[in-house]
Amino acid sequence: MERCLYCCSFTSRANEHITMRTRRDHLRIFDTTLRDGEQTPGVTLQREEKLIIANTLSALGVDICEAGFPIASSGDFESVKHIAETVGNEVGDRVCGTPMTICGLARARHQDIDRCYEAVSPAQNHRIHTFLATSDIHLKHKLQISRADCLRQISDMVSYAKSLCDDIEFSPEDAGRTDRDFLVEALGVAIEAGATTLNIPDTVGYNYPDMYRQTIEYLIANTIGGRDVVFSTHCHNDLGLATANTLAGVDGGARQVEVTVNGIGERAGNTSLEEVVMAVNV
């Protein structure tokens, strides 16, 4: 892996004198400690604790903070909105000169997307992250919809989110177990509807590094419009491979990594922010 290509914010202070590479080679750090991290068994963060964490992430140079799942509860909504109103409008010592992007998670439903937009919109830079499962096992047993229904819902809901916000991330839940050709089709629909970031979650921690890298490479090469958007990694640590899979995804062309502080998260946890940042800089 040619680590010198991955110019994330954490190295900016040391490299200000070096001409930055193209935006395509910039590795975006997307921290989901306040959303996925809070799904760690026994972890419940209070509003002021979330604000402290968000401020610290901003000071570190994190590019995007997924501050919560606004429709989950009134408390989560208020926390995300408060972070958007405060941290989302503060530059401080950030080398990039702009506030950290504040993101919220939303299911591919109108009410989720509306609630998410209301929470994140006070931030100068805000993002809606919407998701829908695409694996056959999820479509059949959880959503009870067909592949055709899935594609229609992606098109409708990504388009709706785009009507509210320019910065849209779409995640095909359980991408790691989704048929690759259907995944290509689903991602193409999302791009056409306005998605600017495509996140490829290994939702159940199922993949090995080579599998995950090959998936990212295949999706970028075969998805219509795939070379014009940012592909993102989101890996779980059920097999102890979250960081390895994330780095393999970056090697395959992903230019955003979804991470948490200390790798906290549901089940065995998520990819560790500090491990990835150090790995791409060693």
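Buried means under 20% relative accessible area, exposed means over 50%, and partly exposed is what falls in between (1.4 Å probe, protein chains only). What you're looking at is a predicted model, where local features need pLDDT of at least 70 and side-chain atom pairs count only at pLDDT 80 or more, while totals for chains, interfaces and linings use all residues. Residues are numbered from 1 along each chain as its sequence is written, and side-chain values use heavy atoms, with hydrogens and water left out.

View 1. Helices here are DSSP runs (H or I, at least four residues), as are strands (E, at least two), and both are numbered from the N terminus. Helix α7 takes in the 14 residues 209–222, and at 1.5 Å a residue it should span 20 Å, which agrees with the 20 Å between its end C-alpha atoms. (The expected span is 1.5 Å times one less than the number of residues.) Which residues of α7 are buried? They are Tyr 212, Thr 215, Ile 216, Leu 219 and Ile 220. Look down the axis of α7 and these buried residues fall within an arc of 125 degrees, so they line one face of the helix; the arc is that of the directions from the helix axis to the C-beta atoms. Their cover includes α6 (180–193), β6 (197–202), β7 (230–235) and α8 (242–251).

View 2. A salt bridge is a side-chain nitrogen of Lys or Arg within 4 Å of a carboxyl oxygen of Asp or Glu, and the whole structure has 17 of them. Glu 217 is partly exposed, at 33% relative accessibility. Over in α5, Asp 149 and Arg 152 sit 3 residues apart, again about one turn of the helix, and their salt bridge is 2.3 Å from N to O. Asp 149 is partly exposed at 30%, and Arg 152 is partly exposed at 47%. Here's the handy rule: an α-helix has 3.6 residues a turn, so residues three or four places apart point the same way.

**View 3. A buried salt-bridge network.** Arg 35, Asp 36 and Glu 66 are linked in a network of salt bridges. Within it, Asp 36 bonds with Arg 35, their closest N and O atoms being 3.5 Å apart. Are these two buried or exposed? Both Asp 36 and Arg 35 are buried.

**View 4. His 138 and its neighbour Gln 144.** His 138 belongs to helix α4 (residues 136–143) and is buried, at 12% relative accessible area. Leaving out residues up to four places away in sequence, His 138 touches Ala 133, Leu 143, Gln 144, Glu 173, Asp 174 and Arg 177, where contact means heavy atoms within 4.5 Å. Gln 144 lies in the loop between α4 and α5 (147–164). At 64% relative accessibility, Gln 144 counts as exposed. Its phi is near 55 degrees, a positive value in a residue other than glycine.

**View 5. Another positive phi, at Arg 267.** Arg 267 is in the loop between β8 (256–259) and α9 (273–279). This residue isn't a glycine, yet it has a positive phi of about 55 degrees. Arg 267 is partly exposed, at 41% relative accessibility.

Key. Expected span 1.5 Å × (residues − 1).
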